[in-house]
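Visitor: Hi, I've got a model open and could use a quick tour. Can we walk through it together?
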Amino acid sequence: MKQVIYHTTISLLTIVLFIVPATGDQIQELRWSDLIKEITLEDPFKILEPDQLSDLAIIARLRQLQAKGDQPSEGAIKEMEESTRRLEEANIDIDGLLAKRTETTELRKQQGAAVREDLDGQQVRMPGYALPLEFTDAKVTQFLLVPWVGACIHTPPPPPNQIVFVTFDEGVEIKGLFSPFWITGEMSVQSATKNLFFVDGSADINVGYTINANQVQPYKK
């Protein structure tokens with residue numbers, strides 16, 4: 001009986017030794033939204049009523065026109081003066097809110113470029129559309145992975161944290177830009193700029209992630 005228990009224990013320990021290291025290499029399936037690092041944005045305008053937001057927008061628009069050297073109409077100036085009076089009577093800090101408006105806009109831009117450092121070195125699997133960069137023997141070995149058809153071509157490029165540079169030594173045949181793929185491999189979090197060629201020119205595209213792929217497959221749900 002003791003011998004049976006001994007052998008059973010050894011067998012269980014052997015299984016555990018094989019299983020535990022493998023958990024570190026688990027493949028994490030990602031959605032594109034998973035690549036975005038959330039930045040906490042405080043809303044400085046939540047204290048305002050809808051009509052006060054409208055007044056602040058009028059002031060901001062007129063000040064921008066004046067800063068450009070444009071001369072607003074008398075009616076527009078009168079409207080701005082009325083908006084200013086109403087906000088001041090409500091003890092609203094106009095200049096302070098307009099300064100925070102600029103700061104909030106900048107933070108939103110930063111969020112578009114912010115990457116998730118915790119994904120560095122992770123084994124991942126994610127879908128997307130491939131924009132070829134480099135060919136070897138008629139197969140694509142380097143490409144940009146983007147979240148929608150035509151990204152970077154017919155529209156302005158997505159933010160860097162929504163573009164992945166993929167290397168795949170084995171190469172893959174890509175017949176057109178409308179076939180999605182599953183990409184599996186090790187992700188690196190690093191900024192880079194890649195030159196994408198079009199029929200009528202080229203463009204530098206900023207990317208926030210790289211995947212060294214070991215598998216590229218046609219997309220299937």
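Visitor: How many helices and strands are there in the protein?
Guide: There are four helices and six strands, where helices (H or I, at least four residues) and strands (E, at least two) are DSSP runs, numbered from the N terminus. Starting at the N terminus, the order is α-β-α-α-α-β-β-β-β-β.
Visitor: What should I know about the model before going on?
Guide: This is a predicted model, in which local features need pLDDT of at least 70, side-chain atom pairs count only at pLDDT 80 or more, and totals for chains, interfaces and linings use all residues. Residues are numbered from 1 along each chain as its sequence is written, and side-chain values use heavy atoms, with hydrogens and water left out.
Visitor: And what does the pLDDT average?
Guide: The average is 83, and 84% of the residues score at least 70; pLDDT is the predictor's confidence in each residue, from 0 to 100. Over residues 1–24 the pLDDT is below 50, and that stretch has one contact in the model beyond near neighbours in sequence. A contact means heavy atoms within 4.5 Å.
Visitor: Which residues have the most contacts inside the largest nonpolar core?
Guide: Leu35, Met126, Phe143, Val164, Ile183, Met187 and Ile211, in a core of 23 residues. A nonpolar core is a set of buried Ala, Val, Leu, Ile, Met, Phe, Trp, Tyr and Cys residues joined through side-chain atoms within 4.5 Å, and buried means under 20% relative accessible area, with exposed over 50% and partly exposed in between (1.4 Å probe, protein chains only). Strands 2, 3, 4, 5 and 6 each give two or more residues to this core. Apart from it lies another core of 14 residues, including Phe45 and Leu87.
Visitor: Switching to Gln52, is it buried or exposed?
Guide: Gln52 counts as buried because its relative accessibility is 16%. Its place is in helix 2, residues 50–67, and Gln52 touches Ile47, Leu87, Ala90 and Ile92, leaving out residues up to four places away in sequence.
Visitor: Back to the strands: how do strand 2 and strand 3 run?
Guide: They run antiparallel, joined by seven bridges; two strands pair if DSSP finds at least two bridges between them. Pro132 stands opposite Phe143 in strand 3. Their hairpin has two residues between the strands, and Asp137 there takes a positive phi near 55°.
Visitor: What about strand 2 and strand 5?
Guide: Those pair in the antiparallel sense over seven bridges, and Gly128 has Phe181 in strand 5 as its bridge partner. Strand 1, by contrast, runs parallel to strand 2, with two bridges.
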